[in-house]
Amino acid sequence: MKKQLTAALILLGILLALASGAPAEEAGDRVLVPKGGHVKLTAEWDRDTLGANPRLIWESSNPAVATVNGGHVRGIKPGTALITCTAVRPDGRREATSCPVEVYQTVSGLVWQQKNLTLITGQTSDPVSVTVNPADAAFPKLTWSSADPRIATVDDRGRITGVQAGRVSIYGTLHEPGVANQRKMWVTVKVNQAVTDIGLSSPAITLARGGRETLSALVFPENAASTWIAWSSSDENVATVVKGRVTGVGVGRCTITAAATDGSGVTAACEVQVIQPMTSLDLGPDPLVVMAGSSGQITAKIGPPDTTQPKLYWYCEEGDIARVDADGLVTGRSPGKCRVTADAADMSALTKSVWVYVEPASPLGPGKDAAAQPWLTLSLTNRCTALTVMGFEYEAVLRTAEGEILATETGAAEEDVVLWPGAEKCVYCPVPGGEKAARAEITVTAVTCSDGRRWEIPEDLRETWSFSTEYTNNNH
């Protein structure tokens, strides 16, 4: 840089430097000089005008701020001064030019407390705190840099961000004009691999009140620096958790959270439902007796009353004998014996079964032909396996030998009619006018059972038996 001072004397550029040779800087038209430091001003002149070797006189307008000797300007204290160079020709004529300088307060020291810092990948620190002394230093700003940006980066505010696992130095460097050895500070940063994900052994569990289950947590990636997990419950009145072991406390729902402790903020959650399970299950009646084609209800008694899930799963393995619906209603399909089972739908694993007897739709069958006047004597067999027949209703048709209908009668046999399951017995059915009949046709329409039930036989399942009314002595 050249400054045209007069036609005869030119101060060039004026090259400013410390004694050590570091370059100085200019601020506008001023040359910056550090306090206690110095710069060298050099002059070039027009040799045709001033000769080959004029005498140069250097002066400072404010020696208390800056002094000059042979072009060497030394900063004494902060302030401004005007440095003048006068060239004296052999004939005594003088030519002068001036250069303003500013002496600035330099940094005497840097103080920082945090010399070591630990981060996880992706984490950004607060700005590094550095105290610059003295407080009135003219250029206190630091320029930040990372020795290896692949491990950690730093922004212009001194905030450090971990990139990948490793160690790196972060530097803060001053830039003071005219200072050869710039002051710097550094922080040693260790970057740990952060937790990126947590996998739980189950996303949801159901516990009985007082029950326990242990959740396991798997931390990703495998090289995560910290694998410690902090466990917590959203409602400890419902469930508590210690090191992954969950205990049901009260009926309800809550969330169990597994959180990484490395500062990554990564969490995983398990939804927990605590229930009151069944503690008792009873079914009745046992046995249940139904006729083929009819239905009977099995009633379940569940305890305690506040059972959370009172639902039962019903099934019958012998579906050709009986079917059971979701409410325990059993429908007989064909004569036989089977078991109907109810399983608790909750975690109690309670199960209960009852025997079901499906009796023939027409419980009574014919025995031997018999006739006795004036009463009709029937020999009947109880086809049931569980029911005792205590009486029955019937329809009788009396016919001549030629088949002409003489009379019809609807009656009931209730006296001395006790037919145990599988038993055969003679039963007397009064049929007026039977003495004139050659044959009688008997149809049983309903039976009365020992359990008090009256079973009306469906019309399409009724059986009609034909008996001879001719007297025979068959010892009935």
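Mentor: Start with Arg-339, which sits over the face of Trp-355, 4.5 Å from the ring centre. A charge counts as over a ring if NZ of Lys or CZ of Arg is within 6 Å of the ring centre and within 35 degrees of the ring normal. This is a predicted model, where local features need pLDDT of at least 70 and side-chain atom pairs count only at pLDDT 80 or more, while totals for chains, interfaces and linings use all residues. Residues are numbered from 1 along each chain as its sequence is written, and side-chain values use heavy atoms, with hydrogens and water left out.

Trainee: And what lies over the face of Tyr-171?

Mentor: Lys-184, at 5.0 Å from the ring centre.

Trainee: How many aromatic pairs are there?

Mentor: Three. One of them is Phe-392 with Tyr-394, a tilted pair at 6.0 Å centre to centre with 55° between the planes. Rings of Phe, Tyr and Trp (its six-membered ring) pair if their centres lie within 6.5 Å; planes under 30 degrees apart are stacked, over 60 edge-to-face, the rest tilted.

Trainee: Is Phe-392 buried or exposed?

Mentor: Phe-392 is buried, at 1% relative accessible area, and Tyr-394 is buried at 1% too. Buried means under 20% relative accessible area, exposed over 50%, and partly exposed in between (1.4 Å probe, protein chains only).

Trainee: Which residues share partners in a network?

Mentor: Glu-456 and Arg-454 meet in a salt bridge at 3.5 Å, N to O. Bridges with shared partners join Glu-393, Arg-454, Glu-456 and Arg-462 into one network.

Trainee: Now Asp-262. Where is it?

Mentor: Asp-262 is in the loop between strand E27 (252-260) and strand E28 (267-275). Asp-262 is buried yet has no salt bridge, and the nearest side chain of opposite charge, Lys-190, is 12 Å away. Lys and Arg count as positive and Asp and Glu as negative; His and the chain ends are not counted.

Trainee: So what does its side chain make a polar contact with?

Mentor: The side chain of Ser-264, at 2.7 Å. A polar atom of the Asp-262 side chain also lies 2.7 Å from the backbone nitrogen of Val-195. A polar contact is a pair of N or O atoms within 3.5 Å; within protein, one must be able to donate a hydrogen and the other to accept it, and residues adjacent in sequence count only if both atoms are side-chain atoms.

Trainee: Last one: is Asp-126 buried or exposed?

Mentor: Asp-126 counts as exposed because its relative accessibility is 64%. Asp-126 lies in the loop between strand E13 (116-120) and strand E14 (131-133).

Terms used:
Helix = DSSP H or I, 4+ residues; strand = E, 2+ residues; numbered from the N terminus. Salt bridge = Lys/Arg side-chain N within 4 Å of Asp/Glu carboxyl O.
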